[in-house]
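Here are a few worked exercises on a single protein chain. Have a go at each task before you read its solution.

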Amino acid sequence: IQIKDSNNKSKATEYVKTFVISDRLSEGFSDLIIPQLQFDDPLDNKGLMIIGNYGTGKSHMLSVISSLAEYSGMLNNLQNPDVAESCKKIDGKFIVFRLELGAVTQNLRGIICNELEKFLKLHNISYQFPTTNIANNKQSLEEMMIKFQEKFPEQGFLLVIDELLDYLISREDLALITDLQFLRELGEFCKSSKFRLIAGLQASLFDDPRFHTAADTLRKVKDRFEQFTIIKDDLDFVINAYRGILQREP
């Protein structure tokens, strides 16, 4: 599954209908994912990371979460009524931007800011991130959200990034630290705004030995993100569910 496919509502509906939800995943939605995404009740909101190896359904899960947030009434296509009930807090409340990172050399801030500018322009919102004299990125993110809220006063802005780990692994040490610092700022910004961030990774960023040189920066990033990991039991549940469907078919 490519998360950008969910920009098409009919495709998004198909993904939501076919999303099999284990008991553990149901708890993850109600106890972690939805509370962090919603913005009606005050909370120390953080960024979210969905962890899962290839074939575990990580991108499917990202597509489902973002579709529930973007399309009003999409929750009615969920197979699990408890999850559908908890998802009412985010039902159609977001404008969603889905971004898949590739093998590129540009820094993370440059990629995200450039892509955000293009996405906002599609919604007739004009904003350019500053490139010089920047003490931190919080002010420019706040300015972006002011422009966004002028156009969509009731909506939140959800950024979904897939394959983040593959991108970060390709970065040199100094560039990696700068990228992680920007990632931390994005996570921090979720607390004070209607901006939300979900990233998909093949493994936990915080346990990867390849990032030992950036350990101090990683600890600061970890403080501003919550993680949900898709485990083998979740995958077994999906396999057994589909096996049961196939056995019932004539």
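Task: decide whether S59 counts as buried or exposed.

Solution. S59 has a relative accessibility of 13%, so it counts as buried; buried means under 20% relative accessible area, exposed over 50%, and partly exposed in between, with a 1.4 Å probe and protein chains only. S59 is found in helix α3, residues 58-70, where helices (H or I, at least four residues) and strands (E, at least two) are DSSP runs numbered from the N terminus. Leaving aside residues up to four places away in sequence, S59 touches I1, I3, D162 and E163; a contact means heavy atoms within 4.5 Å.

Some ground rules before the next task. This is a predicted model, in which local features need pLDDT of at least 70 and side-chain atom pairs count only at pLDDT 80 or more, while totals for chains, interfaces and linings use all residues. Residues are numbered from 1 along each chain as its sequence is written, and side-chain values use heavy atoms, with hydrogens and water left out.

**Exercise 1: strand β1**

Task: find the partners of β1 and say how many of its residues are buried.

Solution. Start with β4 (residues 195-201): 4 bridges join it to β1 (residues 47-51), and the two run parallel. Within that pairing, L48 has I198 as its bridge partner, and I50 stands opposite G200. Now turn to β5, which pairs with β1 over 5 bridges, again in the parallel sense; there, M49 is partnered by Q227. As for burial, 5 of the 5 residues of β1 are buried, so the strand is largely enclosed by the rest of the structure. G47, M49 and I51 point one way, L48 and I50 the other way, and all are buried.

**Exercise 2: the core**

Task: find which residues touch the most other members of the largest nonpolar core.

Solution. First, the rule: a nonpolar core is a set of buried Ala, Val, Leu, Ile, Met, Phe, Trp, Tyr and Cys residues joined through side-chain atoms within 4.5 Å. The largest one has 46 residues, and M49, F157, L183, F195 and L205 touch the most other members. Helix α5 (residues 108-122) gives the most to this core, with 7 residues. Next, zoom in on L205: beyond four places in sequence, it touches M49, L165, L168, L180, L183, F211, L218 and Q227. Apart from this core lies another, of 35 residues, including I34 and F39.

**Exercise 3: rings**

Task: classify the F97 and F119 pair.

Solution. Rings of Phe, Tyr and Trp (its six-membered ring) pair if their centres lie within 6.5 Å; planes under 30 degrees apart count as stacked, over 60 as edge-to-face and the rest as tilted. For F97 and F119, the centres are 4.6 Å apart with 25° between the planes, which makes the pair stacked. F97 sits in strand β2 and F119 in helix α5, 22 residues apart, and both are buried. Compare Y127 and F129: at 5.0 Å and 85°, that pair is edge-to-face. Ring pairs also link F97, F119, F148, F152, F157, F189 and F195 into a cluster.

**Exercise 4: cysteines**

Solution. A disulfide is a pair of cysteine sulfur atoms within 2.5 Å. C190 is in no disulfide either, with the nearest cysteine sulfur, that of C113, 14 Å away.

Key: Two strands pair if DSSP finds at least two bridges between them.
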